[in-house]
Amino acid sequence: MSSFFIPIILGTAREGRRSEHAALFVFEALRKREGIETELLDVRDFRLPATDDSEKTALEKKLAAIITRADGVIIVSPEYNHGYPGELKMMLDMSDGEYAKKPIAICGVSSGTVGGARMIEQLRSVLIDLEAVPILAAVYFSNIEKLFDEQGVIQDASYQKRVAKRLDELVWYAKALKQAREQ
């Protein structure tokens with residue numbers, strides 16, 4: 001198998017964010033796969049001082065280079081008030097076509113039982129508008145406060161299989177779409 005680059009975006013900058021545990025869990029699972037290179041992109045590192053888009057900032061250029069190189073992307077984000085965080089929206093809006101025709105897997109995180117389902121539905125429409133290809137199935141990290149201990153160790157072993165299945169699907173799409181983009 002040829003090598004693929006699939007970065008993971010952690011979509012919240014909040015202090016005390018529990019979704020960081022989920023992002024690191026997915027990151028480690030992806031990092032262990034043969035033929036996959038990954039990088040964890042934290043929205044904290046891509047904050048813009050304002051919404052003035054009159055010229056590209058160094059951060060925007062850095063993000064554009066990473067996403068241009070990517071064969072697929074994983075977004076791990078919590079659900080806040082039935083939606084996704086504003087920092088994630090601003091980060092995605094830095095795009096100038098870099099997400100086009102690239103598969104994106106979404107992992108939702110929530111304190112409740114739905115695992116960010118409403119956020120995932122909203123985020124899919126944004127990704128489609130960016131001409132990305134959000135894969136249908138998602139990983140729902142529900143009851144996040146109980147799902148990971150304070151050291152970030154997952155307490156439900158079934159997530160190993162859930163994440164592995166989504167990664168298999170994402171890699172399949174990454175391979176197919178990379179080949180199609182190169183033709």
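Predicted model: local features only at pLDDT ≥ 70, side-chain atom pairs only at ≥ 80, totals over all residues.
Side-chain values use heavy atoms, with hydrogens and water left out.

Helices (H or I, at least four residues) and strands (E, at least two) are DSSP runs, numbered from the N terminus. H6 covers residues 158-182, and its 25 residues should span 36 Å at 1.5 Å a residue, which agrees with the 37 Å between its end C-alpha atoms. The expected span is 1.5 Å times one less than the number of residues.

Helix H4 (residues 117-129) reaches 19 Å from its first C-alpha to its last, close to the 18 Å expected. Its buried residues are Met-119, Ile-120, Leu-123, Arg-124, Val-126 and Leu-127. Just after H4, Glu-131 has a positive phi of about 65 degrees.

The largest nonpolar core has 29 residues, of which Val-26, Ile-74, Val-76, Phe-141 and Phe-148 touch the most other members. Such a core is a set of buried Ala, Val, Leu, Ile, Met, Phe, Trp, Tyr and Cys residues joined through side-chain atoms within 4.5 Å. H6 is among the elements that each supply at least two residues of this core. A second, separate core of 28 residues includes Val-126 and Leu-127, both buried in H4.

Definitions and conventions:
Residues numbered from 1 in each chain as written. Buried < 20%, exposed > 50% of the residue type's maximum accessible area, 1.4 Å probe, protein only.
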